[in-house]
Amino acid sequence: MAKRDFYEVLGVPKGSDEAALKSAYRKLAMQFHPDRNPGNIEAEHKFKEISEAYDCLKDAQKRAAYDRFGHAAFQNGGGRGPQGFGPEFTSSMSDIFEDIFGDFMGARTGGGRGPSGGQSRLRGSDLRYNLEISLEEAFAGRTVEIDVPTLVTCHSCEGSGAKPGTGMSTCRHCNGHGKVRAAQGFFTIERTCPICQGRGQMMDQPCTDCGGQGRKQENRTLSVDVPKGIEDGTRIRLAEEGEAGLRGGPAGDLYIFVSVKPHDLFHRDGADLYARVPIAMTTAALGGEFEVPTLDAARARVKVAPGTQPGQRVRLKGKGMPILRTKDFGDLYVQLDVETPQNLSKRQRELLEEFEQASTKENSPTSDGFFAKLKSLFDN
């Protein structure tokens, strides 16, 4: 029986690239694998056929020969195909197995790989530190010293985990490869050596200070620069200031989460500040001025225009918070809350009554207009 064209077997055009070949082979291999089709002779034949086709076309030299001479290029001892399950078949299956299951074989562990390909140096964990500052500190910026309990590199063994003066020996379980293999059907599964954890070597004696971990618990004092204008909820990252890695692995990062305490006078919205200031009714009617403190330890003068209404705001330009990483500042908005007099004396009441009798519509245009509308509604 004549062999089918290899491109036809994989269902790809002749000019397909390596990625298209691998994708096609992956689909077909998963579909016709003998483990998925027990006792199905036809599926087993197709599985061998697509394996032979892929083994040829994935190799640049074999593919060039096949494109020129067809199947005749491999006749008379020109190569041993997958019918005998030789090295080429094992190679192609290794490629596709790596492609399908690679994520589950150490790619998600987060550590570096040693010379043998095994897991050798595990990265340390990231740490979080909550820092609370005042609004004044957020305005001016400051350098804060913090104490962080963490795992640091062991000074006795310098992170190796081995007792000083002792050496390392080859792991007998994996013979120094850092990984072991186990056959399952047509597949050969490769995993990190459970004895040496992928290092390929075993320490003769573990360090007595860290128990062979290469790190130990310790409190560290760090300086943190809090920039001017920092906002509540900002995260500051200190690279490689987290936990030390296992047996000399890279350290994790330290994340500082900044929270700003509420202020007695000011409310912050971005770079702008807001303050509510009560003023006397006479000040609102006649006008005046007063001073408010600012976050730069100075004072700002607020002018009240005659006839100021409750809730009106006065804007003080550039008296707000610094804008992060710039030289600009936000604004300060002072809301004027007009306070109605209480506990009036007899004389004060008489004066207010005289004022009311002398008042005209021009003195209270808003209220007079509002009640005029109400009256027209009632009349209608």
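This is a predicted model: local features need pLDDT of at least 70, side-chain atom pairs count only at pLDDT 80 or more; totals for chains, interfaces and linings use all residues.
## A three-stranded sheet

Let's start with the strands. Three of them make up an open sheet, in the order β3-β11-β10, and the pairing is mixed. At the edges sit β3, covering 127–133, and β10, covering 235–238, each of which pairs on one side only. Going from one strand to the next, the twist averages 25 degrees.

If you want a spot to look at, find Arg 237, which stands opposite Tyr 255 in β11.

## A salt-bridge network

Now for the charges. Side chains of opposite charge can pair when their charged atoms come close. This structure holds 19 salt bridges.

Some of the charged residues are linked to one another in a network: Arg 123, Asp 126, Arg 237 and Asp 253. Arg 237 has turned up already, as the residue opposite Tyr 255.

## Glu 52 and Lys 3

Which residue does Glu 52 form a salt bridge with? The partner is Lys 3, and the closest N and O atoms are 2.6 Å apart. Glu 52 belongs to helix α3 (residues 41–57), while Lys 3 is in the segment before α1 (6–10), so this pair ties together parts that are 49 residues apart in sequence.

Is Glu 52 buried or exposed? With a relative accessible area of 12%, Glu 52 is buried, because the cut-off for buried is under 20%.

## Glu 291 and Arg 301

Another salt bridge brings together the side chains of Glu 291 and Arg 301, at 3.1 Å from N to O. This one links distant parts of the chain, 10 residues apart: Glu 291 is in strand β14 (residues 288–293) and Arg 301 in strand β15 (residues 299–304).

As for accessibility, Glu 291 comes out as partly exposed at 40% relative accessibility. Arg 301 counts as partly exposed too, at 46%.

## Arg 315 and Asp 331

Arg 315 and Asp 331 also meet through their side chains in a salt bridge, with an N to O distance of 2.9 Å. What does this pair tie together? Arg 315 lies in strand β16 (residues 313–316) and Asp 331 in the loop between β16 and β17 (332–339), so the parts being tied are 16 residues apart in sequence.

Asp 331 has a relative accessible area of 10%, so this residue is buried.

Methods
Residues are numbered from 1 along each chain as its sequence is written. Side-chain values use heavy atoms; hydrogens and water are left out. Two strands pair if DSSP finds at least two bridges between them. Helices (H or I, at least four residues) and strands (E, at least two) are DSSP runs, numbered from the N terminus. Axes are lines fitted to C-alpha atoms, for helices over the stretch in contact, and angles run from 0 to 180 degrees between N-to-C directions. A salt bridge is a side-chain nitrogen of Lys or Arg within 4 Å of a carboxyl oxygen of Asp or Glu. Buried means under 20% relative accessible area, exposed over 50%, partly exposed in between (1.4 Å probe, protein chains only).
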